[in-house]
Amino acid sequence: MSTEVPRGFRMPSPSRRTVLTAALGLAVPSLAACDATPDAALPPEPPATDTALPTPSATATAAPTRPAAPSAAEMQARFGADVPREWGLEVTGTVLRTGTTGTALTFDACGGPQGAGIDSQLIAALRSAKVPATLFLNTRWVAANRALAHELAADPLFAIGNHGSRHLPLSVTGRAAYGIPGTANIAEVVEEVRTSRDALEQELQRDIPWFRAGTAHMDDVAVRICRSLGNIPVNFSVNADAGATFTAVQVGTQLAGLKAGDIAIGHMNRPGSGTAAGFGKSLPALMARGLRFETLASLKTA
């Protein structure tokens, strides 16, 4: 698997994103829509519960053969003197493409007050087309949708990724993205990555090696910590729905450019957005064009 970071991908590139959004008459989209005020055109979501997943014990894990992850103190000793030099969506060490001829669809469930919904039409569209996908679940979303999380995890069509516990940008200095402050230090990076992974693995009883930060922003020190904890930081090469703010037509426009090896990001927690309709209409054409869809199962080692 190659970890080379390609530059200038479709939506995250400022120049191409600006061109597209200007042509559509839109403001530059935010990836943080899950924690932002919902779009007025979308129906209100059910409030998230305060129920949290149980905190795993030091020995509890769904993958007993996996070596114990280093502690926050060990990460502090190893990376405490490092100064971040990169920040954003394309940081060195973050996976942006599958490294295979397959194309991966990934969907975030961000959790929190505005992020606990479920786009059942999107899930139905994926199942109807028999298209596999990787679902990045925040622990707050799982706590609010336990039965559904177990159902999705048991479906062989889907793989499960870790979308953290508080949906924060991953930073060792508290750097913010879209107005959301990031993790403040190394200990909070470890909490956001490892504790959420342990809780998800214990709840869903499966190994979950892939991690995506809230807002998808990371600094390079946080990326190295993430990998040292045994997690693969995954972002994307195609932004399909701009935080579930795109219309179905705009989602279709983004998906029309998918190529072999791309990783696309969408959102599964915003019912009423254009995501489900955009994917539902586009998938048959993409499959007819010869695209082969896969989960991130080929990304097996950090």
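This is a predicted model: local features need pLDDT of at least 70, side-chain atom pairs count only at pLDDT 80 or more; totals for chains, interfaces and linings use all residues.
Begin by selecting helix α6, residues 186-204, together with helix α7, residues 220-228, whose axes come within 10 Å and cross at roughly 50°. The two helices, α6 and α7, are therefore oblique to each other, and their crossing is right-handed.

Next, select Phe-107 and Phe-279, which form the one aromatic pair that the count gives. Their ring centres lie 4.9 Å apart and their planes stand at 65°, a value over the 60 degrees required, so the pair is edge-to-face. Phe-107 belongs to strand β2 (residues 104-109) and Phe-279 to helix α9 (residues 275-288), so that the pair links distant parts of the chain, 172 residues apart. Both Phe-107 and Phe-279 are buried.

Then turn to the backbone and select His-167, in the loop between β4 (158-162) and α6, where phi is near 55°, a positive value in a residue other than glycine. With a relative accessibility of 1%, His-167 counts as buried.

Finish at Thr-215, which is placed in the loop between β5 (210-211) and β6 (218-219). Thr-215 is not a glycine, yet has a positive phi of about 70°, and at 3% relative accessibility Thr-215 counts as buried.

Terms used. Residues are numbered from 1 along each chain as its sequence is written. Side-chain values use heavy atoms; hydrogens and water are left out. Axes are lines fitted to C-alpha atoms, for helices over the stretch in contact, and angles run from 0 to 180 degrees between N-to-C directions. Helices (H or I, at least four residues) and strands (E, at least two) are DSSP runs, numbered from the N terminus. Angles under 35 degrees count as roughly parallel, over 145 as roughly antiparallel, 65 to 115 as roughly perpendicular and the rest as oblique. A crossing is left-handed if the near helix is turned anticlockwise from the far one by less than a right angle, and right-handed if clockwise. Rings of Phe, Tyr and Trp (its six-membered ring) pair if their centres lie within 6.5 Å; planes under 30 degrees apart count as stacked, over 60 as edge-to-face and the rest as tilted. Buried means under 20% relative accessible area, exposed over 50%, partly exposed in between (1.4 Å probe, protein chains only).
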